[in-house]
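Thanks for coming, everyone. I'll keep this brief. Please have a look at the model on the screen.

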Amino acid sequence: MHRTPTLLEDLSVEITARDTPALVARAADLPAGTRVSVTHLGTEGAAERREAAAAAARAELVPVPHLAARRFASESELRETLAGLRAHEAHERLFVVGGDPRTPAGPYASALDLIRSGVLAEAGAAEVGITGYPEGHPAIADDALWAALGAKAAALTDQGLAGSITTQFSFDVDAVVSWIERVRELGIGLPIRVGVPGPAGVRRLVAFARRCGVATSAGIARKYGFSLASLVGTAGPDRFVAELGARLDDRHGEVRLHLFTFGTLDATVAWAGEARANALPVERP
């Protein structure tokens, strides 16, 4: 069975608070219930992130606010943030990351610490997303990444919370498929959302990839659809998505796409609509 049509069902998109006006303008072009992740950047305030999540909820989309563990100075700050989200009906689905700061601002040194605190469940969260790194992490050893993934999945189960895994974006289908297979071999059955960039300028894609430790060898770039010899033009995820869909089967469990917009929400929404319209019908057994 070709899985591309299934991948294109229930897409999620990721924005920053500064993308709120674009989200409001394009919300009608997204299917009702589309998950909209709102990143937790140090350059944007809690009120701005809260408004982005609220705008998604008002548009009949599903807000998924990010919580960067190392950015919270105290448990009270975390609880205040969750209370603010709850006031805007944006607290039921959350996404927890460690965050960029090397030194924690408060009691949470990792996403696992924050999950284990029990504060999310107490605040009424129903589902918590966690991160996956098909190509590893530039500052964290692979063994530590795998151990943390298993521990976070177990902690969610222990607290009665539904979970999901959203991966760092990648241009390399081989790395993503191998990573999914290992997740399943370890007995982790959580739904997986594979991170892919929406259409964006090649120079921008390469800059984000280098910042995030994502491989951009000449061969990988060419297969994805751009050239490192000339960082001009725009590249989209069409080839990546088609190959990923062709290689997935029932062994890989539930897999969907998570679109990183990188400031190009208009182009991402347009691509998603065209991809769904042009996809083959979903095959039924």
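Let's start with one pair. Which residue in β6 is the bridge partner of I130? It is I165. Keep in mind that this is a predicted model.

β5, residues 127-132, and β6, residues 162-167, run parallel and are joined by six bridges. Helix α8 packs on this sheet. It touches β5, β6, β7 and β10. The direction of α8 makes about 165 degrees with that of β7.

Now stay with I165. Set aside its neighbours within four places in sequence. I165 is then in contact with I130, T131, G132, L149, W179, V183, I188, L190, P191, I192 and R193. I165 also turns up in the largest nonpolar core, which has 79 residues. The members that touch the most others are L120, I165, F171, V194, F240 and L244. Which helix gives the most to this core? That is α8, residues 173-185, with six residues.

Next, the overall sheet. Eight strands form a closed barrel with parallel pairing. The order is β1-β2-β3-β4-β5-β6-β7-β10. Neighbouring strands are turned by 30 degrees against each other on average, direction ignored.

Look at β10 in that order. On one side, β1, residues 12-15, runs parallel to β10 through three bridges. There, V13 stands opposite L259. β7, residues 192-197, also runs parallel to β10, with six bridges joining the two.

Are the residues of β10 buried or exposed? Six of six are buried, across residues 255-260. In a regular strand, side chains alternate between the two faces of the sheet. In β10, one side carries V255, L257 and L259. The other carries R256, H258 and F260. Both faces are covered.

Last topic: backbone angles. Most residues other than glycine have a negative phi. Here are two exceptions. D10 is not a glycine, yet its phi is positive, about 55 degrees. D10 lies in the loop between α1 and β1. F262 also has a positive phi, near 50 degrees. F262 lies in the loop between β10 and α12.

Which of them is buried, and which is partly exposed? D10 has a relative accessible area of 35%, so it counts as partly exposed. F262 counts as buried because its relative accessibility is 13%, and the cut-off for buried is under 20%.

That's my tour. Over to you.

Note on methods
Residues numbered from 1 in each chain as written. Predicted model: local features only at pLDDT ≥ 70, side-chain atom pairs only at ≥ 80, totals over all residues. Heavy atoms only, no water. Buried < 20%, exposed > 50% of the residue type's maximum accessible area, 1.4 Å probe, protein only. Helix = DSSP H or I, 4+ residues; strand = E, 2+ residues; numbered from the N terminus. Pairing = 2+ DSSP bridges. Core = buried A, V, L, I, M, F, W, Y, C linked by side-chain atoms within 4.5 Å. Contact = heavy atoms within 4.5 Å. Axes fitted to C-alpha atoms, helices over the stretch in contact; angles between N-to-C directions.
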